[in-house]
Amino acid sequence: MQRQAVPRSVVFDYAVAACCFWIAAGFFVDAWAHGHVPIETFFTPYHATFYSGMAALVAVMATFAMRNHRAGYAWTDSLPRAYRLAAIGIPFFFVAGLGDMIWHLVLGVEEGVDALLSPTHQLIGLSIFFVSSGPIRSVLADRRSARNYARQFPLVIALATWLVLVHFGTAYAFDPAAGRSNAPPPIAPFAATYLTALGIGYYKVSVGVLIVIAQSTIMAGFALWLVSRARTGPGWITALFVLGNAPAAAAFTNHTWLLATTVLQSLVAGGLADLFVARWHPRPERAAAFTRFAVLVPAGYIGVYLLTTLATDGVWWDWNVALGAWIWSGVCGYALSLLVRARRTA
């Protein structure tokens with residue numbers, strides 16, 4: 001039996017990345033169902049959307065491993081070295097899935113934020129983080145020998161899977177709810193409900209700004225990590241943003257402009273980021289370009305959200321809040337750029 005590691009396969013990277021994205025997007029199909037369809041059992045077609053993705057992933061990895069074993073590789077070396085950590089996620093997923101079934105049968109079906117914080121759901125998501133690390137590590141290990149961007153694109157698909165999973169775990173912090181349809185009840189002075197309405201207003205605007213900060217940090221973090229680790233190709237960041245954001249927005253749309261707004265945010269912010277990369281090549285060692293890039297991405301993303309919301313629904317925040325939140329988005333990106341550069345230069 002050969003003991004050397006199996007060489008990287010671009011087709012295998014694509015297949016694994018696509019299956020991982022299938023699974024992660026399936027989580028939001030199930031999330032949509034929890035908000036729109038009465039669910040009282042574990043066995044639903046919505047669960048099947050991501051469990052079928054895992055079945056496809058197992059088939060892909062098993063076929064690849066068996067083919068290499070027949071070619072003379074030992075079973076322990078039948079997957080590329082970059083996938084050894086990823087392979088741990090498969091049994092982890094099925095153990096978590098079995099636990100989720102038992103959890104549902106014993107304690108019932110979770111709804112709302114309960115479903116996001118369910119321990120078994122978090123374990124299932126963690127297992128996909130493990131598995132989707134395979135294409136990322138594979139591409140990064142071979143990025144100098146790749147002759148074209150298409151060979152490295154599985155990295156973007158796998159990163160989009162991670163972004164989908166982040167949105168799934170923090171779905172309560174996705175939409176800042178700045179539109180007028182989300183405005184709190186009007187405050188009536190001297191009415192019995194005055195203090196309650198005042199408190200709700202403060203709470204909603206504060207949570208909305210915190211969501212802006214969270215989303216800015218997430219989007220800037222993914223973009224900065226990507227340009228710090230790889231020479232990104234044309235459209236990579238746009239594809240990452242659209243693929244990583246659209247499933248969440250589609251699940252939470254509820255007859256609003258949220259899906260269209262999120263796709264537009266992703267296209268504009270991603271397009272600006274890709275143009276910036278093509279022109280100025282931001283890297284941690286190129287401090288000025290890297291810092292400007294770090295500010296541009298979240299400021300563009302949140303700026304499009306505010307402008308689109310203003311045009312489609314109106315913004316109930318006053319100008320101080322709206323402009324202040326937008327400034328905060330750029331500050332978040334700037335702060336992350338300092339952290340990344342500090343780690344590289346320490």
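Reader: Helices, as I understand the term here, are DSSP runs of H or I with at least four residues, numbered from the N terminus. What kind of model is this?

Author: This is a predicted model.

Reader: OK. Aromatics, then. How many aromatic pairs does a search of the whole structure find?

Author: The search finds 15 aromatic pairs. One of them is Phe-129 with Trp-162: the ring centres are 5.6 Å apart and the planes stand at 50 degrees, so the pair is tilted.

Reader: Where do Phe-129 and Trp-162 sit?

Author: Phe-129 is in helix H5, residues 119-141, and Trp-162 is in helix H6, so the pair ties together parts that are 33 residues apart in sequence.

Reader: How accessible is Phe-129, and what about Trp-162?

Author: Phe-129 has 26% relative accessibility and counts as partly exposed. Trp-162 is also partly exposed, at 22%.

Reader: What about Phe-276 and Trp-280, how do the rings sit?

Author: Phe-276 and Trp-280 form a tilted aromatic pair, with 4.9 Å centre to centre and 40 degrees between the planes.

Reader: And how far apart are Phe-276 and Trp-280 along helix H9?

Author: They are four residues apart in H9, which means a separation of about one helical turn.

Reader: Phe-276: buried or exposed?

Author: Buried, because its relative accessibility is 9% and the cut-off for buried is under 20%. Trp-280, at 36%, counts as partly exposed.

Reader: Which residues form the aromatic cluster?

Author: Phe-27, Phe-28, Phe-50, Tyr-51, Phe-93, Phe-94, Phe-168, Phe-174 and Phe-252 form one aromatic cluster.

Reader: Back to H9. How do the axes of H8 and H9 run past each other?

Author: Helix H8 covers residues 236-252 and helix H9 residues 258-280; their axes come within 8 Å and cross at roughly 170 degrees. That makes H8 roughly antiparallel to H9, because angles over 145 degrees count that way. The crossing of H8 past H9 is right-handed.

Reader: Which residues of H8 and H9 make the contact?

Author: On the H8 side they include Trp-236, Phe-241, Asn-245, Ala-249 and Phe-252. On the H9 side they include Leu-258, Thr-262, Ser-266, Gly-270, Asp-274 and Val-277.

Reader: How do the residues of that contact divide?

Author: Into 15 nonpolar, six polar and one charged.

Reader: Tell me about Thr-262. What does it touch, not counting residues up to four places away in sequence?

Author: Thr-262 lies in H9 and touches Phe-174, Asn-245, Ala-249 and Tyr-301. It counts as buried, with a relative accessibility of 1%. Phe-174 is also a member of the aromatic cluster.

Reader: Let's switch to H6. Where is Ala-160, and why does it count as buried?

Author: Ala-160 is in helix H6, which spans residues 154-169. It counts as buried because its relative accessibility is 0%.

Reader: What is Ala-160 in contact with, leaving aside its neighbours within four places in sequence?

Author: Its contacts are Phe-21, Leu-240, Leu-243 and Gly-244. Ala-25 is 135 residues from Ala-160 in sequence and 10.0 Å away in space, C-alpha to C-alpha.

Reader: And Leu-155, buried or exposed?

Author: Leu-155 is buried, with a relative accessible area of 0%. Like Ala-160, it lies in H6.

Reader: Which residues is Leu-155 in contact with, once neighbours within four places are left aside?

Author: Ile-136, Val-139, Leu-140, Trp-225, Leu-226, Ala-230 and Trp-236. Ile-200 is 45 residues from Leu-155 in sequence and 43 Å from it in space, C-alpha to C-alpha.

Reader: Backbone next. What is the phi of Ala-177?

Author: Ala-177 has a positive phi of about 60 degrees, although it is not a glycine. It is found in the loop between H6 and helix H7 and is buried, with a relative accessible area of 17%.

Reader: What about the phi of His-281?

Author: His-281 is not a glycine, yet its phi is positive, at about 50 degrees. It is in the loop between H9 and H10, and at 46% relative accessibility it counts as partly exposed.

Reader: Last one. Where is Thr-291, and what is it in contact with beyond four places in sequence?

Author: Thr-291 is in helix H10, residues 287-312. Leaving aside those neighbours, it is in contact with Tyr-334, Ser-337 and Arg-341. Thr-291 is buried, with a relative accessible area of 15%.

Methods
Residues numbered from 1 in each chain as written. Predicted model: local features only at pLDDT ≥ 70, side-chain atom pairs only at ≥ 80, totals over all residues. Heavy atoms only, no water. Axes fitted to C-alpha atoms, helices over the stretch in contact; angles between N-to-C directions. Helix = DSSP H or I, 4+ residues; strand = E, 2+ residues; numbered from the N terminus. Parallel < 35°, antiparallel > 145°, perpendicular 65-115°, else oblique. Left-handed = near helix turned anticlockwise from the far one by under 90°. Contact = heavy atoms within 4.5 Å. Nonpolar A, V, L, I, M, F, W, Y, C, P; charged D, E, K, R; others polar. Buried < 20%, exposed > 50% of the residue type's maximum accessible area, 1.4 Å probe, protein only. Phe/Tyr/Trp six-rings, centres within 6.5 Å; stacked < 30°, edge-to-face > 60°.
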